[in-house]
Amino acid sequence: MWAFGLDFESRTARELTLPDPRPPGWGEVLLRVEEAGVCGTDRELAAFRLGRPPEGELALAIGHEAVCRVLETGPGATRFAPGDWVVPSVRRTCSPACASCSRGRRDLCVSGGYLERGIFGLHGYCAEFAIDRESDLTPIPAGLADLAVLVEPLSIVEKAIASALRIHEPEAETGLVIGAGPVGLLAAMTLRLRGLRVAVHSLEPRGHPRARAVEQCGIEYHSARPPLADIVIEAAGTVQAGLLAIRSMRPLGVCAILGAPNASGPVPFMDLIVANQTVFGSVNASPADFERAVADLALFPSALLSGWIHRTGRNALSFTLLGEAGRYLKVVHRIGE
Ligand code: BGC
């Protein structure tokens, strides 16, 4: 079958030919991949700064923001029927399973031996077909299929925001998101849905399409110094964004770091102590986060979100991954052509 990914021998991102899928086994489902979104992780993969092929193989099909339809169900798989829309999760358990993986929280894997489809050791969804256990799939109402490519990035946001709100006491009133990409916008909308007053800070000047996208959501946009907030989410993936996020908390504030890389620099330990502030990192998402993402997506203004998505053919994958980040918030490739 057709696939697209990384050839670790020639270190190029290119079309691949993978074996056609076998019939689904016990509890498994055969999927036709309809579309796959591209994010910063895919760009890192395409630059060979991240990623690992399946054991014993020299290539990795990428793609982890996928929307699929069920083609066939295996014996014992009763949750889905052919034609159903689903979004797969990304991470699979370590083996032997650690305490977190054993209790269904692979996103909190403590051994580091987890696998991730399209990223670490398992082929992803830039491939015509995929097989998954039905427990790795979240059902998507047919009416939401057009936006379902946002479910995986939104699941990341859901996990971080649920953790931040749990940690913050008393009830948080204000939120600040650093970064105006898809994750930043989804974080801002989710914080607002939870009843917070929200602002977004990013470096793009007023009038830039990303700044406009924030304002179209009815959310305050700041390209200069942002206001302090109770909950701060770093979603820009830079050291500067991480440091700004930490310094933008109000007393008792909670800050989630989602993308900033390691850095050395001034860390305001004493300020954190005297203001009772919390900084934490968050990666991946649990099945409950995926379900919450589907529920919240249905509440967001669909016309606005549709405007973030630019759909193109699968033959544009190299261009999307290796070219300029471009003006679209979320580029999505039709895989099932
Ligand atoms: C994905 C996560 C994954 C992380 C690290 C992100 O882009 O959304 O599911 O755990 O990359 O590989």
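At 3% relative accessibility, D107 counts as buried (buried means under 20% relative accessible area, exposed over 50%, partly exposed in between, with a 1.4 Å probe and protein chains only). Its salt-bridge partner is R105, with the closest N and O atoms 2.8 Å apart; here a salt bridge is a side-chain nitrogen of Lys or Arg within 4 Å of a carboxyl oxygen of Asp or Glu. R105 itself is partly exposed, at a relative accessible area of 23%. The model is a predicted one, where local features need pLDDT of at least 70 and side-chain atom pairs count only at pLDDT 80 or more, while totals for chains, interfaces and linings use all residues. Residues are numbered from 1 along each chain as its sequence is written, and side-chain values use heavy atoms, with hydrogens and water left out.

Side chains of opposite charge can pair when their charged atoms come close. In this structure there are 20 salt bridges. Take D289 and R292, whose closest N and O atoms sit 2.7 Å apart. Both belong to helix α8 (residues 287–297), and being 3 residues apart there, they are separated by about one helical turn; helices (H or I, at least four residues) and strands (E, at least two) are DSSP runs, numbered from the N terminus. D289 is buried, with a relative accessible area of 3%, whereas R292 is partly exposed at 33%. Elsewhere, salt bridges that share partners join R92, R106, R117, D132 and D136 into one network.

D132 lies in strand β10 and R117 in strand β8 (residues 115–117), so the pair ties together parts that are 15 residues apart in sequence. Both ends are buried: D132 has 3% relative accessibility, and R117 has a relative accessible area of 10%.

R117 turns up again at the second largest pocket, where R22, R117, H123, A130 and I131 lie nearest the centre out of 20 lining residues. On a 1 Å grid over the protein atoms alone, a pocket is an open set of points where a 1.4 Å probe fits, with protein on both sides within 12 Å along at least five of seven lines; lining residues have an atom within 4 Å of a point. About 490 Å³ of space lies in this pocket, the volume being the space filled by probe spheres set on the points, which are joined across faces, edges and corners. Strand β10 (residues 129–133) gives the most to the lining, with 5 residues. By type, the lining splits into 9 nonpolar, 2 polar and 9 charged residues (Ala, Val, Leu, Ile, Met, Phe, Trp, Tyr, Cys and Pro count as nonpolar, Asp, Glu, Lys and Arg as charged, and the others, Gly among them, as polar).
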